[in-house]
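I am opening a notebook on a structure that is new to me. I want to write down what I look up, one entry at a time.

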Amino acid sequence: MKIFITGVFRSGTTLISQMIKQSKELSMTYDTVNFMRFGWQRYGQDKITLQSALKLGKDFNDRLKNRFKQGFDLNQYQKEIENLKHISYANIYDIIMRLYLKNDNWGEKTLLEWRSAPNLLEMFDDMHIIPNCFHQYRI
């Protein structure tokens, strides 16, 4: 299972993601990975090569280690990428999230990325998107 939670600031996305995380079967990130912003949008949506996939993984791991003091197993990432018959952004995203969270069932909470929802639904058959655009000051 994969979940993507997005919304505006102060809209309750953190509360929603913490409630979902209580299941223990799912691991969540909180504004850390931001794959759609720092991977998919930065590297382009064109066909990805083995070299660019490996560079993307290294760049993500470096960013996570530098900003959040926790990365993922880059050797395992490389092994999984090299064993793919077809490299896609969906494969890369899934591998990064599984290795970073150490769980096959993952979720990402990131702000202001609702425009990525159609692309995520195209990438994954099992993606659930929770867009939360409620803002407390608009009552």
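The entries below go from the sheet to the helices and then to single residues.

Entry 1: I note at the start that the model is predicted. I began with the strands, and I found four of them in an open sheet, in the order S2-S3-S1-S4, with parallel pairing. I then looked up the edges, which are S2 and strand S4 (127-132), each of them pairing on one side only. Neighbouring strands of this sheet are turned against each other by 15° on average, direction ignored.

**Entry 2: strand S3 and its partners.** Which strands are joined to S3 by four bridges? I found that strand S1 (residues 2-7) runs parallel to S3 and is joined to S3 by four bridges, and that strand S2 (residues 27-30) is likewise parallel to S3, also with four bridges. Going through the pairs, I saw that Phe-4 stands opposite Glu-108 in S3, while Thr-29 has Glu-108 in S3 as its bridge partner. I also wrote down that Met-28 stands opposite Gly-107 in S3.

**Entry 3: helix H2.** Moving on to helix H2 (residues 35-43), I looked up its buried residues and found Phe-35, Met-36, Phe-38, Gly-39 and Trp-40. An α-helix has 3.6 residues a turn, so residues three or four places apart point the same way. What do the buried residues of H2 pack against? I listed helix H3 (50-68), helix H5 (89-101), strand S3 (106-109) and helix H6 (117-123). Just after H2, I noticed that Gly-44 takes a positive phi of about 90°.

**Entry 4: H2 against H5.** I then took this pair of helices by itself, and found that the axes of H2 and H5 come within 11 Å and cross at roughly 150°. Because angles over 145 degrees count as roughly antiparallel, H2 is roughly antiparallel to H5. The crossing in which H2 passes H5 is right-handed. At this contact, Phe-35, Met-36, Gly-39, Trp-40 and Tyr-43 of H2 meet Tyr-89, Ile-92, Tyr-93 and Ile-96 of H5, and by class the contact has eight nonpolar residues, one polar residue and no charged ones. I also checked how H5 is placed on the sheet: H5 lies across S1, S2 and S3 and runs at about 100° to S3.

**Entry 5: Tyr-100 and Thr-29.** Staying with helix H5, I picked out Tyr-100, which is buried, its relative accessible area being 6%. Which residues does Tyr-100 touch beyond its neighbours within four places in sequence? My list reads Thr-29, Thr-32, Val-33, Leu-64, Phe-68, Gln-70, Gly-71 and Phe-72. For one of these, Gln-70, I looked up the separation from Tyr-100, and it is 30 residues in sequence and 8.1 Å in space, C-alpha to C-alpha. Leaving aside neighbours within four places in sequence, Thr-29 is in contact with Met-97, Tyr-100, Leu-101, Gly-107, Glu-108 and Lys-109.

**Entry 6: Asn-61.** In helix H3 I looked at Asn-61. Asn-61 has a relative accessible area of 2%, and it counts as buried because the cut-off is under 20%. Not counting residues up to four places away in sequence, Asn-61 touches Gly-71, Phe-72 and Leu-74.

**Entry 7: two lysines in loops.** Where is Lys-69 placed? I found Lys-69 in the loop between H3 and helix H4 (74-82), where it counts as exposed at 72% relative accessibility, and its phi is near 60°, a positive value in a residue other than glycine. Lys-102 lies in the loop between H5 and S3; its phi is near 55°, again positive in a residue other than glycine, and Lys-102 is exposed, with a relative accessible area of 68%.

Methods
Residues are numbered from 1 along each chain as its sequence is written. This is a predicted model: local features need pLDDT of at least 70, side-chain atom pairs count only at pLDDT 80 or more; totals for chains, interfaces and linings use all residues. Side-chain values use heavy atoms; hydrogens and water are left out. Buried means under 20% relative accessible area, exposed over 50%, partly exposed in between (1.4 Å probe, protein chains only). Contact means heavy atoms within 4.5 Å. Two strands pair if DSSP finds at least two bridges between them. Axes are lines fitted to C-alpha atoms, for helices over the stretch in contact, and angles run from 0 to 180 degrees between N-to-C directions. Angles under 35 degrees count as roughly parallel, over 145 as roughly antiparallel, 65 to 115 as roughly perpendicular and the rest as oblique. A crossing is left-handed if the near helix is turned anticlockwise from the far one by less than a right angle, and right-handed if clockwise. Ala, Val, Leu, Ile, Met, Phe, Trp, Tyr, Cys and Pro count as nonpolar, Asp, Glu, Lys and Arg as charged, and the others, Gly among them, as polar.
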